[in-house]
Amino acid sequence: MARYNPGVVIIQLGTNMAAADKPLNSKGSIDLLMKEAKINGSVCIWIGPPDANSKVVTKKKLELINGLIKELAVANDCHYIDSLQLTEFPKDSNEGIHY
């Protein structure tokens, strides 16, 4: 980060975190990424996970990780784009995650 000193850092993560057995265990990683993004005064923007519907990435897990990322975004002064509010998983998809 110091080498390039970006004005804006955009992070798009969350779906794989929601796939974990215990999504809330990602708290430390999320917090660290946000702090690193802002270390040189960069604007931090985090794009949260989109809607999904699988046995691994359930609605409940998505809501858990989404809430955690939102909470940490506020604490770290990182802008948050809530993709769950902007996406709807296609009902005709068999796979459950990618679309």
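Lys 61 touches Ala 18, Ala 19, Ala 20, Asp 21, Pro 23 and Val 56, leaving aside residues up to four places away in sequence; a touch, or contact, means heavy atoms within 4.5 Å. This lysine sits in helix 3, where helices (H or I, at least four residues) and strands (E, at least two) are DSSP runs numbered from the N terminus. With a relative accessibility of 18%, Lys 61 counts as buried. Here buried stands for under 20% relative accessible area, exposed for over 50%, and partly exposed for what lies in between (1.4 Å probe, protein chains only). From Lys 61 to Ile 81 there are 20 residues in sequence and 18 Å in space, C-alpha to C-alpha.

The model is a predicted one, in which local features need pLDDT of at least 70 and side-chain atom pairs count only at pLDDT 80 or more, while totals for chains, interfaces and linings use all residues. Residues are numbered from 1 along each chain as its sequence is written, and side-chain values use heavy atoms, with hydrogens and water left out.

Stepping back to the whole chain, three helices and three strands are found, arranged along the sequence as β-α-α-β-α-β. The C-alpha trace spans about 45 × 25 × 20 Å along its principal axes. Of the 99 residues, 36% count as buried. Among contacts with a separation of 6 or more, 74% come from residues 24 or more positions apart.

The buried residues of helix 2 are Ile 30, Met 34 and Ala 37. Seen down the helix axis, these buried residues fall within an arc of 60°, so they line one face of helix 2; the arc is that of the directions from the axis to the C-beta atoms. An α-helix has 3.6 residues a turn, so residues three or four places apart point the same way. The cover over the buried residues of helix 2 includes strand 1 (8-12), helix 1 (15-18), strand 2 (43-47) and helix 3 (59-75).

Asn 5, in the segment before strand 1, is not a glycine, yet has a positive phi of about 45°; Asn 5 is partly exposed, at 47%. Asp 77, in the loop between helix 3 and strand 3 (79-81), is likewise not a glycine and has a positive phi of about 55°. At 53% relative accessibility, Asp 77 counts as exposed.
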